[in-house]
Amino acid sequence: MLEIPESRTIAAQMNETIQGKRILEAEAAHTPHSFAWYSGEPAFYAEIMEGREIGRAESLGSMIEMRLGDYSFVVGDGTNARYFAPGEKLPEKYQIRITLEDDSHVVCTVQMYGAMFLVQPDVYDNPYYLAGKRKPMPNTEDFTYGYFKQLFDGLSGNTSMKAFLATEQRIPGLGNGVLQDILLAAGLHPKRKISGMTEERRRKIYDAVQGTLERMTAAGGRDTEKDFFGRKGGYQTFLSKKTVGKPCPYCGNPIQKMNYLGGTVYFCPFCQN
């Protein structure tokens, strides 16, 4: 799933690979999928996209926005955007294909669910899109510790760490995936309540968010996800489906998992409390 490290990595790769190229052909809804979401009918994509030059791509948390003049092609969480070089064989099943002037392609596929919207950004009111546009992102100048502390304001003391960091779009693109290693670095259990947290502990959480996401992005994303070229990210996750039952990197005790707040969380019961 697209989270901050992957959306930043893929947006950068798009800018290096396809920015400035012209779209020859666009096809939407090639393979039917009940949970693939579009804006308008399939013919709308060809009508708007064909002949346009690809502008700059930008990471918006769990989304990637690719500018096409006065329109934007927005790839949402759950959608895999993949580049295929000229002559490279395309998959048989896909949702969107964008053929470029050099006969390369961008192909979008959806497994569980995913959105591929073609919109005018000035009037697009999707809350995830607006949050990604308006809220400071980790590892940027405006994501200061002072800003981070304000995110606690008005929350119940019973709010858990998972709920605080990975819900309500408080930090767009920080989802259940990257959350795991962040909480391990901070020494906090996903169920830990925010009540009674000292200034020192809050600062440690902030540093864990900044440092973990920076390392994930620098490595080209997590090893549980793929980039624009179909390669797995270089960041080796400490806590993920790949590490359940394996030794904690800090204490050596087995990593555990459980279901919590609509998803699976992974944790070390000795290092996180």
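Reader: At what angle do α1 and helix α7 pack, and how far apart are their axes?
Author: Two packed helices are described by the angle between their axes and the distance between the axes. Helices here are DSSP runs of H or I, at least four residues long, numbered from the N terminus, as strands are (E, at least two). Axes are lines fitted to C-alpha atoms, for helices over the stretch in contact, and angles run from 0 to 180 degrees between N-to-C directions. For α1 and α7 (residues 199–218), the values are about 40° and 9 Å.

Reader: What kind of model is this?
Author: Residues are numbered from 1 along each chain as its sequence is written, and side-chain values use heavy atoms, with hydrogens and water left out. Local features need pLDDT of at least 70, side-chain atom pairs count only at pLDDT 80 or more, and totals for chains, interfaces and linings use all residues, for this is a predicted model.

Reader: Is the crossing of α1 and α7 left-handed or right-handed?
Author: Left-handed means the near helix is turned anticlockwise from the far one by less than a right angle; clockwise means right-handed. The crossing of α1 and α7 is right-handed.

Reader: Which residues make the contact, and how do they divide?
Author: Contact means heavy atoms within 4.5 Å. α1 gives I4, P5, R8 and T9, and α7 gives L213, M216 and T217. Ala, Val, Leu, Ile, Met, Phe, Trp, Tyr, Cys and Pro count as nonpolar, Asp, Glu, Lys and Arg as charged, and the others, Gly among them, as polar. The contact residues divide into 4 nonpolar, 2 polar and 1 charged.

Reader: Which strands stand at the edges of the open sheet?
Author: The order of its 5 strands is β2-β9-β5-β4-β3, with mixed pairing. Two strands pair if DSSP finds at least two bridges between them. One side of each edge strand lacks a neighbour in the sheet, because each has a single partner; these strands are β2 (36–38) and β3 (57–60).

Reader: Which strands does helix α2 touch?
Author: Helix α1 (residues 4–17) packs on the sheet at β3 and β4, making about 175° with the direction of β3. Helix α2 (residues 42–49) also packs on the sheet, at about 45° to β9. The strands touched by α2 are β2, β4, β5 and β9 (114–119).

Reader: Within what arc do the buried residues of α3 fall?
Author: Buried means under 20% relative accessible area, exposed over 50%, partly exposed in between (1.4 Å probe, protein chains only). In α3 (residues 127–134), the buried residues are Y129, A131 and G132. They line one face, because their arc (from the directions from the helix axis to the C-beta atoms) is 165°.

Reader: Against which strands do these buried residues pack?
Author: The face of α3 turned away from the buried side carries exposed P127 and R134. The buried residues pack against β3, β4 and β5.

Reader: What is the phi of E168?
Author: E168 is in the loop between α5 (161–166) and α6 (176–186). At 62% relative accessibility, E168 is exposed. E168 is not a glycine, yet its phi is positive, at about 65°.
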